[in-house]
Amino acid sequence: MRDEKSKLIKIMNELVRFYLKNGIHHVEMQLDYDKDHGMVSLTGCCGKMEESVLEDLNQILNSPRKDETEEYYWNLIGSNDFSEMHLLGSLVDCGEVFYDGCNLKINVKRKY
Amino acid sequence: MENVVNKSLQHSEELKYRIIIGYSLFMLLTSFFFNTPREIVQGMGRIIVSPSLLLSDYMVIGNIGSSTANAGILMLSSIFIAKKNKALMNGPLIAAIFTIGGFAFFGKNIYNVISIVTGVYLHSLIKKEHFTKFLLPAFFGTALSPLVSQVSFGFGFALPLGILLGNILGILIGIILPPLASSFVRFHNGFNLYNIGFTAGITGMLFMSFFRSFELQTPPTSIVYQGGNLVLGSYLLLIFISMIVVKLIISGPNLDKFKKLMTYSGRLVTDFVTLEGFGVTMFNMGLLGIIGLIYVLLVGGEISGPVIGGLFTLIGFGAFGKHPKNIMPLIVGVYIASLLKTWEASSVSGLLTALFGTTLAPISGQYGWKFGILAGFIHMSVVTNIGYLHGGMNLYNNGFSGGFVAAILVPIIESFKKEQEDER
């Protein structure tokens, strides 16, 4: 369970990195650490987002968990300047992407 | 709808498993092409009791047939464990299976891998986590299997004591490797594909320091097969070409996905099977094997057990980060180094550095070919200077060296890149 907190922090860092990289410089964050799962939500005001980027993101966040890579590589996410969104996708169970033309909201959920 | 998707996924998983099992069976069954069953069993016996330090070519210690049989058995055992734990046959797992197969030609055998895998399994029990999460450290962690063999048969202990001590140390290594591997990956930020090589190097260095403090030394070892280029080259070429044929059967001749695959930097974690599909990944693997083989023959090298290990690791990581565009600069860098420095490109160490040096492929993938050449050039010097630290007990010596090279180069490149970006 100790690692779970670290993993959740790293997931949040990776998502913040994604926002900043896409020019979203004001981000609201919420982290819920519950008994059997954790949730991270981010909202930020942005300009135009490419449809393909949002589709890719949605697909990545909803790709199946990959237990094989989790323990070995989870330390790589959210720790430097390089994107690890695919790795993030393998660490979360599901995700939601909302974009209304102005605000981008991302929710991800990870079961322990 | 979900059921249909699950069934389709299950079907494609079955296919991937069958194909990788096919290659493992091919290795096992073709061993009889090289030697008689009796010779294979006798060779296997010699392999098992060999200290297996770098470089111990099992094709000399045993024979060609027992080496290929050893590779087949270890690959099949790995697949069995993966299947039993419901692991997905993705890039990292394919890389691990082919790496084990490759090193079964010079260092890993059915005896010396067991205790390390058992240790990692015990780690999963202690952590109360499913073993699937630790499959990669378990498989790649067998890099330190010579330590088990050396303690069992090489240090001169009475046989029962040696076997007991060797296996206890193997289990201990298995228990401590997963957290170390997970932590050390940050040292090079995923730019060294053989992350366990770095972890095993540090761990091997620790154990070797203890051994030396008790006056237990490992002898310099260089047992290398020679004179089999025609037969072994044809054998390997058949395997590599068959991978391209598998792609044609699975996904047709279209190479659009391959073009996309070559745009990835290859930095950890780049799973080509998940990103671009199994067919094109097999194509990439076959192509990398052919490139590696051509290089070995062009520089006048000999195909030995370690070289086969290098080629198998190259094709394995063709599913997990390597492609022609990001490995070529590394190989060129190593070749240039061999022209200017004291090592021959055709020597075993020159060949192994060129093949295994592609562990740094993400550097050229991320920063361009010039930095790839530079990384290869530097790597050639570092790799030949660090083997002493672990006394030849870490089979992934290039992964050990690659960790240092990446950790030194990447921050420097990043620093100047950021300054240029700031100036803009």
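In the predicted model, Tyr33(A) has Gly38(A) as its bridge partner in strand 2 of chain A. Strand 2 (residues 37-45) runs antiparallel to strand 1 of chain A, and seven bridges join these strands; helices (H or I, at least four residues) and strands (E, at least two) are DSSP runs numbered from the N terminus, and two strands pair if DSSP finds at least two bridges between them. Both belong to an open sheet of four strands in chain A, with the order 1-2-4-3 and antiparallel pairing, in which strand 1 (27-33) and strand 3 (94-99) are the edge strands, each pairing on one side only. The twist averages 10° from one strand to the next. Helix 2 (residues 51-61) of chain A lies across strand 3 and strand 4 (103-111), running at about 160° to strand 3, where axes are lines fitted to C-alpha atoms, for helices over the stretch in contact, and angles run from 0 to 180 degrees between N-to-C directions.

Chain B is divided into domain 1 (2-213) and domain 2 (242-423), with bounds from an automatic or database domain assignment. Their centres, taken over C-alpha atoms, are separated by 21 Å, and 47 residues of domain 1 are in contact with 47 residues of domain 2 (C-beta atoms, placed from the backbone, within 7 Å).

Residues are numbered from 1 along each chain as its sequence is written, and chains are lettered from A and ligands numbered from 1 in the order in which they are written. As the model is a predicted one, local features need pLDDT of at least 70 and side-chain atom pairs count only at pLDDT 80 or more, whereas totals for chains, interfaces and linings use all residues.

Notes:
Two residues are in contact if their C-beta atoms, placed from the backbone, lie within 7 Å.
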